[in-house]
Amino acid sequence: LYGIEIPPVGGDTMFCSLYAAYDALSARMQELLAGLSAVHDFGYASRGVFKAEQASQAQLDATPAVEHPMVTVHPETGRKALFVNPGFTSHIVGLHAGESRALLDFLFRHMTQPEFIYRHRWAVRDLVIWDNRCTMHYAIADYDGVGERYMHRTTAMCV
């Protein structure tokens, strides 16, 4: 992500280490999560976090819900990381709705504790690179009326 135009106040991006969040869980919680999968659903995201960006039915049809293990192993480092996201993870497979929501809410609160977060204050021409396989990011939209945030983003695929 490359900063082209940065507001004078706000517009930071927060990055969460999903390695650190996983490592800080108790051994018992790690064991519980190891056997669980969750559903990642663009339709769920379009009704929630991306609601303002109404997805067309064609877009929703092209991106069906996908089931993923809740703990992933990074293919290069071999480290375990949480693999859930409050924007896209709709539910945990095999749990009742209330159980699923309670566990996901716990994990989302856990993952976003200050000790797992790096907050980047942008300057023009800053370049930040992160690994989506073990990091979650969030752009803070707190600059309305004070300036513009214009960025270029490139996503590289590891093969």
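1. Of the 159 residues in the chain, 36% are buried, where buried means under 20% relative accessible area, exposed over 50% and partly exposed in between, with a 1.4 Å probe and protein chains only. The model is a predicted one, in which local features need pLDDT of at least 70 and side-chain atom pairs count only at pLDDT 80 or more, while totals for chains, interfaces and linings use all residues. Residues are numbered from 1 along each chain as its sequence is written, and side-chain values use heavy atoms, with hydrogens and water left out.

2. The secondary structure comprises five helices and ten strands; these are DSSP runs numbered from the N terminus, helices being H or I with at least four residues and strands E with at least two. Among the contacts in the chain with a separation of 6 or more, 78% are between residues 24 or more positions apart, contact meaning heavy atoms within 4.5 Å.

3. Axes here are lines fitted to C-alpha atoms, for helices over the stretch in contact, and angles run from 0 to 180 degrees between N-to-C directions.

4. Within that sheet, strand β3 (residues 37–40) runs antiparallel to β4 and is joined to it by four bridges. Histidine 40 has valine 66 in β4 as its bridge partner.

5. Another open sheet of three strands has the order β8-β2-β9, again with antiparallel pairing. Its edges are β8 (117–120) and β9 (135–139), each with a single partner strand, so one side of each is without a neighbour in the sheet. Neighbouring strands of this sheet are turned by 20° against each other on average, direction ignored. Strand β2 (residues 13–17) is linked to β8 by four bridges, and the two run antiparallel. Threonine 13 is placed opposite histidine 120 in β8.

6. Helix α2 (residues 27–34) packs against helix α5 (residues 97–111) at an angle of about 125°, with the axes 13 Å apart. The two helices are therefore oblique to each other: angles under 35 degrees count as roughly parallel, over 145 as roughly antiparallel, 65 to 115 as roughly perpendicular and the rest as oblique. Their crossing is left-handed, that is, the near helix is turned anticlockwise from the far one by less than a right angle, whereas clockwise would be right-handed.

7. At this crossing, Met29, Leu32 and Leu33 of α2 meet Leu103, Phe106 and Leu107 of α5. By class, the contact has six nonpolar, no polar and no charged residues; Ala, Val, Leu, Ile, Met, Phe, Trp, Tyr, Cys and Pro count as nonpolar, Asp, Glu, Lys and Arg as charged, and the others, Gly among them, as polar.

8. Helix α5 also contains serine 100, which is buried at 3% relative accessibility. Beyond residues up to four places away in sequence, serine 100 touches His91, Ile92 and Leu95.

9. Methionine 111 belongs to helix α5 as well and is buried, with a relative accessible area of 0%. Setting aside neighbours within four places in sequence, methionine 111 is in contact with Cys16, Leu18, Ala21, Leu82, Val84, Phe116, Ile117 and Met136. Methionine 111 and leucine 82 lie 29 residues apart in sequence and 8.5 Å apart in space, C-alpha to C-alpha.

Definitions and conventions. Two strands pair if DSSP finds at least two bridges between them.
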